[in-house]
Amino acid sequence: MSETLDAMVRAAVRASEIITQIYASDFQVYMKGPSDPVTDADRQANTAICHYLGEQFPGVPVVAEESDPSDYQGFASSERIFFVDPVDGTSELVNRTDEFVVMIGLVDGERATHGVVLSPPRQVIWVGELGHGAHRIDRNGTRERIDCSKTTALAEARVVVSRSHRSPSLEGDLRRCGVSQILQLGSAGLKSASVAEGSADAYVALAGAGKRWDVCGPDAVVSAAGGYFTDAAGRLFDYRPADLTNSQGIVAAGPLLHGKFVENLHAPSSEDNSLGKR
């Protein structure tokens with residue numbers, strides 16, 4: 001790994017240790033809003049990651065879910081930006097399904113270039129760096145190159161969708177496209193990692209799909225694995241918007257399927273930077 005990606009992994013591992021300790025306890029659950037839980041695992045992991053990245057990369061803003069927005073004010077003017085979701089899948093952590101991850105992504109210029117997705121329960125890490133490929137690192141340290149699947153037909157595609165935010169409308173759209181294998185999985189990071197390693201062919205979410213910290217790390221990992229990671233209209237993610245909400249959904253898939261999902265699902269019209277036509 002590059003020094004940058006190695007430092008990001010170290011930050012994620014530190015957070016994972018904190019999360020694992022709290023997860024094993026009778027932890028308290030707080031509510032930031034309706035259906036929006038947060039725990040001490042989220043908050044303490046957020047602090048640990050931000051502190052470590054701040055030491056290793058002084059001057060690079062860290063846009064993190066549990067940070068106060070004032071901590072990263074003016075981030076859009078920076079050439080490089082970290083996006084952090086200390087616990088992606090807090091609802092899954094609360095429900096003890098083990099389907100949650102730590103996610104760290106780095107934007108350099110206009111693209112998410114480095115990504116880390118770490119599963120504390122599984123002790124598995126997925127990493128990706130544009131131009132250098134993506135890898136899966138198992139609990140014993142075994143490192144394996146991963147690539148998106150080469151599936152070409154929608155009827156053969158294994159599609160992962162949200163477990164905690166099920167959408168009958170989306171599942172109906174997928175079935176009308178000919179998809180018969182729809183799998184529910186918690187955490188955007190786990191769904192994206194399954195696409196990057198080829199155990200799933202696509203991850204689809206329409207309309208609201210979290211914030212930019214929910215997509216930056218996965219974007220880099222899937223893209224490094226040879227796939228496309230865009231909104232539901234096929235547009236690359238802009239990591240410097242005024243509103244960080246992913247209001248246009250997500251389509252992550254291998255290069256031979258991505259355009260077919262974009263063309264067949266109900267989504268906003270494409271813009272000039274669409275990958276859906278490729």
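1. Ala7, Arg10, Ala11, Arg14, Ala15, Ile18, Ile19 and Ile22 in α1 meet Asp40, Ala41, Gln44, Ala45, Ala48, Ile49, Tyr52 and Leu53 in α2. Sorted by type, the residues of this contact are 12 nonpolar, 1 polar and 3 charged. Please keep in mind throughout that this is a predicted model.

2. How do the two helices lie against each other? Two packed helices are described by the angle between their axes and the distance between the axes. Helix α1 covers residues 3-23 and helix α2 covers residues 40-56; their axes come within 9 Å and cross at roughly 155 degrees. An angle over 145 degrees counts as roughly antiparallel, and α1 and α2 are therefore roughly antiparallel to each other. The crossing of α1 past α2 is right-handed.

3. The spacing of the contact residues can be read with a general rule in mind. An α-helix has 3.6 residues a turn, so residues three or four places apart point the same way. In α1 the residues that meet α2 include Ala7, Ala11, Ala15 and Ile18. In α2 the residues that meet α1 include Ala41, Ala45, Ala48 and Tyr52.

4. Next comes strand β4. Is β4, residues 80-88, mostly covered or mostly uncovered? The strand is mostly covered, with 8 of its 9 residues buried. β4 pairs with strand β3 (residues 62-64) in the parallel sense, over 3 bridges, and Ala64 stands opposite Val84 in β4. With strand β5 (residues 101-108), β4 pairs in the antiparallel sense, over 7 bridges. In that pairing, Asp88 stands opposite Val101 in β5.

5. The loop between β3 and β4 holds Ser77. Ser77 has a relative accessibility of 70% and so counts as exposed. Ser77 and Pro61 are 16 residues apart along the chain, and their C-alpha atoms are separated by 9.7 Å.

6. Strand β10 (residues 158-162) and β11 pair in the parallel sense over 5 bridges. Within this pairing, Val159 has Ile182 in β11 as its bridge partner.

7. The axes of α5 and α6 come within 9 Å and cross at roughly 5 degrees. That makes α5 roughly parallel to α6, since angles under 35 degrees count as roughly parallel. Gly189, Ser192, Val195 and Ala196 in α5 meet Pro218, Val221 and Val222 in α6. The contact of α5 with α6 contains 5 nonpolar residues, 2 polar residues and no charged ones.

8. Among the buried residues of α6 are Cys216, Gly217, Asp219 and Ser223. Gly226 follows α6 and has a positive phi, near 95 degrees.

9. Two backbone angles deserve a check. Most residues other than glycine have a negative phi, and most peptide bonds are trans. Asp98 has a positive phi of about 75 degrees although it is not a glycine. Asp98 lies in the loop between α3 (90-94) and β5, and at 33% relative accessibility it counts as partly exposed. Ser187, likewise a residue other than glycine, has a positive phi near 70 degrees. Ser187 lies in the loop between β11 and α5. Is Ser187 buried or exposed? Ser187 is buried, with a relative accessible area of 6%, and buried means under 20%.

Technical notes: Residues are numbered from 1 along each chain as its sequence is written. This is a predicted model: local features need pLDDT of at least 70, side-chain atom pairs count only at pLDDT 80 or more; totals for chains, interfaces and linings use all residues. Side-chain values use heavy atoms; hydrogens and water are left out. Buried means under 20% relative accessible area, exposed over 50%, partly exposed in between (1.4 Å probe, protein chains only). Helices (H or I, at least four residues) and strands (E, at least two) are DSSP runs, numbered from the N terminus. Two strands pair if DSSP finds at least two bridges between them. Axes are lines fitted to C-alpha atoms, for helices over the stretch in contact, and angles run from 0 to 180 degrees between N-to-C directions. Angles under 35 degrees count as roughly parallel, over 145 as roughly antiparallel, 65 to 115 as roughly perpendicular and the rest as oblique. A crossing is left-handed if the near helix is turned anticlockwise from the far one by less than a right angle, and right-handed if clockwise. Contact means heavy atoms within 4.5 Å. Ala, Val, Leu, Ile, Met, Phe, Trp, Tyr, Cys and Pro count as nonpolar, Asp, Glu, Lys and Arg as charged, and the others, Gly among them, as polar.
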